[in-house]
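Reader: I am new to this structure and would like to go through parts of it by question and answer. Please show it to me before we start.

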Amino acid sequence: MSDHQLPKAYDFKSTEKRIYAAWEAGGFFKPWNDPRKPGFDPSVKPFVISIPPPNVTGELHQGHALTVSVEDLMIRYHRMKGQPTLWVPGSDHAGIATQLQIEKMLAREGTSREALGREEFLRRTWEWKEKYGGIITQQIRRLGASCDWDRERFTLDEGLSKAVREAFVTLFEKGLIYRGPRLVNWSPGLRTAVSDVEVEYSSEEAKLYYFKYMLADQSGDYIPVATIRPETILGDTAVAVHPEDERYKKFVGKKVVVPMLGREIPVIADDYVSREFGTGALKITPGHDPNDYAIAQRHSLPVISILDVAAAVNENGGPYAGMDRYDCRDKLWADMQAAGLVIKTEPYTTTIPRSQRGGEIIEPMISTQWFVNVKPQAEKALAAVKNGDIHIVPEHFEKDYYHWMENIDDWCISRQLWWGHRIPVWYCEDCDKQTCTREDPTHCGHCGSANIEQDQDVLDTWFSSALWPFSTLGWPDKTPDLKYFYPTSIMETGYDILFFWVARMIMAGLEFVEDVPFHTVYLHGMIRDEHGQKMSKMKGNVVNPLELMDEWGTDALRFTLLVGSTPGKDMSFSTKKVEANRNFTNKIWNASRFTLSAIDALSSEENGRKTTDWTLADSWIWARLQNLVRDVERLFQTYQYGQAGQMIYDFFWSDFADWYVETAKQQLSLGGDRAYTTAQTLARVLDISLRLLHPFMPFVTEELWGHLHKALQASPLASVAKDWPVMLIVAPWPEPRDPENWESQAVADFTLVQDIVRSIRNLRAEQDVKPGKKLPVVFAASEKTAMLLGQKSVLASLASLDVEQLEIHASLSAKPENSTALVVGPVEIYLSLAGVVDSAEERVRLEKDLVETESHITRLETLLGSDFANKAPTAVVNKEREKLAAYKETAEKIKAQLG
Ligand SMILES: [Zn+2]
């Protein structure tokens with residue numbers, strides 16, 4: 001009894017933890033060539049990925065699981081290829097998300113952010129971060145992520161804060177950062193500006209309000225105008241019409257009166273106005289609408305803001321000041337009705353912007369914010385992709401990138417929050433000027449006054465994440481890490497943040513480090529449910545990766561995500577697929593158990609066995625494996641990981657486990673040198689299969705490879721494992737080699753054996769032959785006679801044939817009596833089913849088959865005799881002709897059997 005025997009079933013629960021700890025303890029997550037260590041060689045090219053930092057408040061979702069699986073696959077592949085690999089982990093402070101979370105916690109305690117004050121609030125937030133901030137990284141570890149955890153970073157840590165400060169001051173000194181009033185997306189609930197990415201648009205039922213804009217000349221004439229937000233009338237500064245609109249031409253240049261406020265505003269002409277929409281006249285509210293804002297810029301119109309930070313009406317709203325925006329809407333409309341200014345209202349479906357975090361309606365508002373003029377950076381970033389310094393996968397996203405970069409707006413970087421990088425600008429109360437420095441100033445940089453106060457706002461979280469690929473490596477200091485690992489190799493992330501994040505990293509890298517942050521951008525798709533629907537909490541179709549890992553194991557989840565994903569394309573995810581891949585894990589386990597027992601069996605025999613010639617099956621499995629290695633390499637080079645995974649799956653399940661292992665059972669039963677050679681082939685094929693599978697399913701492969709390693713070392717086959725490292729994670733990747741001459745013949749021959757076995761198995765199933773029943777058989781094998789004579793025992797064991805009554809001839813003078821014929825390629829097979837199948841029943845079955853076959857023949861002959869043969873495409877007609885020929889052949893065979 002050997003001590004290498006595996007448990008019957010794979011217990012992923014205990015294995016995953018143990019293996020992960022062993023990898024970490026072995027230091028395998030670190031680059032083997034490390035600029036921080038002695039013996040470092042700067043000439044060896046590293047492979048580097050910076051992880052897209054998850055929010056520190058985050059809970060692992062399927063998006064993270066996909067990101068981590070793909071990146072870990074890339075890292076493990078390059079590590080096995082022998083490259084020094086570095087995967088930098090970390091998390092994002094996530095300004096709004098974290099602040100909201102803490103505010104909710106404070107509310108439960110009966111207090112609030114305002115009551116605590118800024119300093120205490122930040123202390124409480126850090127306290128929370130220290131306690132719970134590690135949850136998401138623990139969950140990422142569960143996925144098997146082989147990150148260098150000693151290099152873990154946080155966007156608010158000391159080093160990254162220094163990087164943010166350096167970046168801000170640099171841009172400020174270049175005059176590329178400025179403060180000013182602008183129209184921004186305002187979240188009244190959060191009382192802060194939010195970025196475009198934090199706004200969600202949905203189609204909702206609303207109302208379109210029609211009313212009269214009275215001419216100021218007392219003529220009683222009016223311009224009809226429609227709006228979905230009547231409260232914004234209070235901020236109108238013009239009415240615009242199309243210059244060629246005959247209805248309104250006469251009013252252009254005149255004045256109209258703002259309802260209830262009595263302000264006079266001009267009627268202007270602008271091409272932007274659509275004559276067909278609404279009444280064809282547009283009220284212009286530059287303070288609360290981005291398109292109106294643009295028109296106001298063109299016509300030098302004043303901008304009036306009518307809302308305060310909570311979206312209540314401010315002093316510009318006259319009698320409505322102090323009212324909530326929606327109360328104001330009702331009151332104003334009622335007053336206008338009383339004043340005879342209302343025409344009508346009608347239902348209207350429109351797009352409503354809502355806050356991604358709070359859910360309330362976002363209000364476009366004028367507010368004083370900090371901006372970055374990104375035009376100069378955008379030009380460089382555009383060129384970097386156009387000239388091939390950065391390559392986007394899949395390529396069609398390059399077009400979107402160009403479009404966005406060519407039309408980029410200044411970036412609003414200030415947020416009215418407390419949790420984040422505070423804006424490093426101080427205002428002087430004496431001379432009113434701004435001081436922006438790398439170290440906190442004590443005096444005004446202009447007049448020397450000590451009466452200075454720091455800006456209250458913090459920076460958009462994306463400002464710090466834009467610096468991520470180099471700030472994590474130590475920038476602005478010229479660290480050895482930065483020098484060696486920058487630019488990184490690949491940025492892998494979802495296509496949904498190409499602009500918000502990827503584009504900004506490219507701009508920042510070129511601006512601050514004067515080099516691209518990565519050479520390749522790999523964009524994965526979104527994960528949808530099994531019906532192709534977007535996953536959302538509202539729909540209740542969200543699946544939790546942690547629960548999937550608990551139930552089916554991490555490898556099953558990873559394999560499902562990796563095989564299901566194609567670059568840039570959304571994938572449909574179903575739990576059933578994870579279950580199926582858990583079954584694959586078991587298949588790998590069982591095939592490995594079989595291999596280990598074959599190796600162990602050698603140890604109990606006397607030593608001195610040696611390798612003998614390969615059988616056809618040995619040659620075939622080895623040739624198929626080499627072909628797989630070539631395919632996988634080719635697919636990996638073009639990022640087709642899903643397809644590569646599917647091919648490995650098919651090889652392992654069908655070629656190896658179903659065919660080779662079955663054949664090997666017969667070969668092992670012969671004992672001696674044959675068993676020795678078979679065990680050696682099993683071991684070598686399993687070894688390479690596990691290496692190929694490792695980046696997809698790291699845990700089960702590591703566990704099995706470890707057992708294989710030990711079993712080989714203790715066996716007469718120790719030389720197979722001679723150069724193996726201690727763990728699979730650092731074992732060399734199987735390198736493809738050119739096919740050898742013998743390979744294609746071996747594959748063709750064994751494929752014929754498989755076809756013969758399959759057709760005999762099908763016949764046995766059709767005729768209900770008992771599985772154990774060994775059948776007598778005669779082959780007329782023509783040019784395959786010699787080959788099949790060599791496979792006699794393989795055929796007998798795989799197709800349950802009676803080896804004593806198995807005859808293989810080149811040709812036969814007469815067909816054997818009472819037999820059923822099968823034809824496979826050039827080989828005729830005559831099976832004797834006498835006594836096995838009731839002959840009367842068999843006759844009935846054959847007659848029924850013949851009737852059905854002849855009806856197909858009649859149908860196809862009619863079809864091919866009709867117009868169809870002339871009109872349908874040749875390929876389609878030929879296909880029908882082939883079908884007809886096949887039916888005719890079958891009919892002949894059945895007739896021959898009926899005698
Ligand atoms: Zn001053």
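Reader: What geometry does the site of the zinc ion have?
Author: This is a predicted model, in which local features need pLDDT of at least 70, side-chain atom pairs count only at pLDDT 80 or more, and totals for chains, interfaces and linings use all residues. Residues are numbered from 1 along each chain as its sequence is written, and side-chain values use heavy atoms, with hydrogens and water left out. Four donors count as tetrahedral if all angles lie between 85 and 135 degrees. The angles among the 4 donor atoms of the zinc ion are 104 to 115°, so by that cut-off the site is tetrahedral.

Reader: Which residues are the protein donors of the zinc ion?
Author: Donors are N, O and S atoms within 2.8 Å of the metal (3.2 Å for Na, K and Ca); water is not among the atoms, so sites may look incomplete. Here the donor atoms are SG atoms lying 2.3 Å from the zinc ion. Their residues follow the spacing C-x2-C-x12-C-x2-C in sequence. They are C428, C431, C444 and C447.

Reader: How many residues apart in sequence are the parts that C428 and C444 tie together?
Author: Strands are DSSP runs (E, at least two residues), numbered from the N terminus. C428 lies in strand 18, whereas C444 is in the loop between strand 19 and strand 20. The pair therefore ties together parts whose separation in sequence is 16 residues.

Reader: Is C428 buried or exposed?
Author: Buried means under 20% relative accessible area and exposed over 50%, with partly exposed in between (1.4 Å probe, protein chains only). C444, at 5% relative accessibility, counts as buried. C428 has 2% relative accessibility, so C428 also counts as buried.

Reader: Which residue joins its side chain to that of H524 in a polar contact of 2.5 Å?
Author: H524 is in strand 23 (residues 518-524) and is buried, with a relative accessible area of 5%. A polar contact is a pair of N or O atoms within 3.5 Å; within protein, one must be able to donate a hydrogen and the other to accept it, and residues adjacent in sequence count only if both atoms are side-chain atoms. The partner of H524 in this polar contact is E492.

Methods: Four donors count as tetrahedral if all angles lie between 85 and 135 degrees; four count as square planar and six as octahedral if opposite donors are over 155 degrees apart and all others between 65 and 115; anything else is irregular. Helices (H or I, at least four residues) and strands (E, at least two) are DSSP runs, numbered from the N terminus.
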